[in-house]
Amino acid sequence: MAACTLFAYAVELYLLDGSVDRARTIAFTVLVFCQKFHIYNCRSQWSSAFKRGIFSNKFLNLSVLFIFLSQIAIIYVPGLREIFRVTVLAPSDWLLIFAVAVQPLIWMEVVKAAVRKRGRENG
């Protein structure tokens, strides 16, 4: 998650020539969303997050929705934006954020699949 956060920061700042404020906002949002996606991996050490059912835990989904709405408020509500020292993001920024933030979910699914396959081969 740290690598994803730093990657998004570097892409915005160095590849897209964005401002430090925009890169910081993107990094902060990537970190929040990485955690949000990763929580679905944490439901099981071995089975796929998708096999368990992404929408099967109502309270988890409500918590994730609350986190999402809180992050949106932090970015787009002027008073909160100043407190957190973030800037408004463009739609293209959200594409970068989601593409990077979903990586821990994807890679943990790959690791879980490899562990399950290895277990079947050994057992």
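Me: Which residues is Ile26 in contact with, leaving aside its neighbours within four places in sequence?
Reply: In this predicted model, Ile26 is in contact with Ala8, Glu12, Leu89, Asp93, Leu96 and Ile97, once neighbours within four places in sequence are left aside.

Me: What about the largest nonpolar core, how many residues has it?
Reply: It has 23 residues. Those with the most contacts inside it are Ile26, Val30, Phe33, Leu89, Trp94, Ile97 and Val100.

Me: Which elements give two or more residues to this core?
Reply: They are α1 (2-15), α2 (20-41), α4 and α6 (91-101). The largest share, seven residues, comes from α2.

Me: Where do nonpolar side chains tend to be in general?
Reply: In soluble globular proteins they tend to be buried together.

Me: OK, back to α1. Which of its residues are buried?
Reply: Cys4, Thr5, Ala8, Val11, Glu12 and Leu13 are the buried residues of α1.

Me: What follows α1?
Reply: Asp17 does, with a positive phi near 55°. Asp17 is not a glycine, and it lies in the loop between α1 and α2.

Me: Is Asp17 buried or exposed?
Reply: Asp17 is exposed, because its relative accessible area is 64% and anything over 50% counts as exposed.

Me: Changing topic. Where is Gln71, and is it buried or exposed?
Reply: Gln71 is in helix α4, which covers residues 58-76. Its relative accessibility is 2%, so Gln71 counts as buried.

Me: What is Gln71 in contact with?
Reply: Apart from neighbours within four places in sequence, Gln71 is in contact with Phe28, Thr29, Val32 and Phe33.

Me: And Ser70, where is that?
Reply: Ser70 is also placed in helix α4. Ser70 counts as partly exposed, at 25% relative accessibility.

Me: Which helix is Gln103 in?
Reply: Gln103 is in helix α7 (residues 103-122). It is partly exposed, at 26% relative accessibility. The C-alpha atoms of Gln103 and Phe33 are separated by 10 Å, although the two are 70 residues apart along the chain.

Me: Zooming out, how many helices and strands are there?
Reply: The protein has seven helices and zero strands.

Me: How many residues in the protein, and what share counts as buried?
Reply: There are 123 residues, of which 36% count as buried. The accessible surface comes to about 7,700 Å², and 69% of it belongs to carbon and sulfur atoms.

Me: What box do the C-alpha atoms fill?
Reply: Roughly 55 × 35 × 20 Å, taken along the principal axes.

Me: Last one: how many positive and negative side chains?
Reply: There are 14 positive and 7 negative side chains. The centres of the two sets lie 15 Å apart.

Key
Residues numbered from 1 in each chain as written. Predicted model: local features only at pLDDT ≥ 70, side-chain atom pairs only at ≥ 80, totals over all residues. Heavy atoms only, no water. Helix = DSSP H or I, 4+ residues; strand = E, 2+ residues; numbered from the N terminus. Buried < 20%, exposed > 50% of the residue type's maximum accessible area, 1.4 Å probe, protein only. Contact = heavy atoms within 4.5 Å. Core = buried A, V, L, I, M, F, W, Y, C linked by side-chain atoms within 4.5 Å. Areas by Shrake-Rupley, 256 points an atom, 1.4 Å probe, with all protein chains shown as cover. Lys, Arg positive; Asp, Glu negative; His and termini not counted. Charge placed at Lys NZ, Arg CZ, Asp CG, Glu CD.
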